[in-house]
Amino acid sequence: FHNYADTYRKFPARATKDDDGKPLLSWRVMLLPFLEEAALYNEFHMDEPWDSEHNTALLAKMPDVYKNPRLEL
């Protein structure tokens, strides 16, 4: 979060939004380049919601840092 804030002078928004204000992608995607996951970040279609067919397929690639350690997989 702090590396993002140092770069953009603000913390990431809860979600990106389209022109109509509909939420698209969460802050988790915006932080990927700061977690050495720029390649994964670049795979996301930024103009589509997180649950689009394309973006949903990428969710399994999200880094382990986002996983809840209390949940068994």
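Reader: How many helices and strands does the secondary structure of the protein come to?
Author: The model is predicted, so local features need pLDDT of at least 70, side-chain atom pairs count only at pLDDT 80 or more, and totals for chains, interfaces and linings use all residues. Residues are numbered from 1 along each chain as its sequence is written, and side-chain values use heavy atoms, without hydrogens and water. Helices (H or I, at least four residues) and strands (E, at least two) are DSSP runs, numbered from the N terminus. Along the sequence the pattern reads α-β-β-α-α-α, and the count is four helices and two strands.

Reader: What share of the residues in the protein is buried?
Author: A residue is buried under 20% relative accessible area, exposed over 50% and partly exposed in between, with a 1.4 Å probe and protein chains only. The protein has 73 residues. The buried share is 23%.

Reader: Where is serine 52 found, and is serine 52 buried or exposed?
Author: Serine 52 sits in the loop between helix H3 (38-43) and helix H4 (53-58). Its relative accessibility is 12%, and therefore serine 52 counts as buried.

Reader: Which side chain does a polar contact join to that of serine 52?
Author: A polar contact is a pair of N or O atoms within 3.5 Å; within protein, one must be able to donate a hydrogen and the other to accept it, and residues adjacent in sequence count only if both atoms are side-chain atoms. The serine 52 side chain also reaches the backbone nitrogen of asparagine 55 at 3.2 Å. The side-chain partner, at 2.8 Å, is glutamate 48.
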